[in-house]
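Subject: Structure handover: pockets

Hi,

Here is the structure for your files. My notes on its pockets follow below.

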Amino acid sequence: MSIYKNILADLKTAMREKDAVRLNVLRSLKAAILQKEISERKGGEGELSDEQVNAVIMKSAKQRKESIDQYEKYERKDLADKEKEELTIIESYLPKMLSEDEVRDVVKSVIDETGASSPQEMGKVMGRVMPQLKGKADGALINKVVKEQLS
């Protein structure tokens, strides 16, 4: 079953169970996916691929993480907790992300392949690493690991 169909099925279940938080999160995901689908359509009909749906879900998760940081910065624990609960639901639809050690291994192999040795060559390394890890690791984590390895 595709990720989008899974979200729709869970949306129906949340409606039946009257789970308000889950229902709101799934509705917002559905709306974001539909919006992306409409913007991607160029005359033809068709659904987004699972990879494109994952990108929409990852964007939504990133927005929640940024909101959590802001709420915690201004000591709004109530709002941060609400966002954390929503983030947990969103993350359940994402594939398992790679750990920092796994990202480090991929970055190290790319650095060995390219022969990069200084921070000025970060673009060359990122250009090779990002396609390999797209949807499997957070971009900020990848960036951090590449900087560490090249410093």
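The lining of the second largest pocket has four nonpolar, four polar and three charged residues. Here nonpolar means Ala, Val, Leu, Ile, Met, Phe, Trp, Tyr, Cys and Pro; charged means Asp, Glu, Lys and Arg; the others, Gly among them, are polar. This is a predicted model, where local features need pLDDT of at least 70 and side-chain atom pairs pLDDT 80 or more, while totals for chains, interfaces and linings use all residues. Residues are numbered from 1 along each chain as its sequence is written, and side-chain values use heavy atoms, without hydrogens and water.

A pocket is an open set of points on a 1 Å grid over the protein atoms alone, where a 1.4 Å probe fits, with protein on both sides within 12 Å along at least five of seven lines; lining residues have an atom within 4 Å of a point. Volume is the space filled by probe spheres set on the points, which are joined across faces, edges and corners.

The second largest pocket has a volume of about 280 Å³. Helix H2 (20–40) and H3 each give two or more residues to its lining. Helices are DSSP runs (H or I, at least four residues), numbered from the N terminus. H3 provides the largest share, six residues. Among the lining residues are Ser28, Gln35, Lys59 and Arg64.

Now the largest pocket. Its volume is about 610 Å³. It has 24 lining residues, and Met58, Met97, Ala137, Asp138 and Gly139 are the closest to its centre. Helix H3 (50–73) and helix H7 (139–150) each give two or more residues to this lining. H3 gives the most, with ten. By class, the lining has eleven nonpolar, three polar and ten charged residues.

Best wishes
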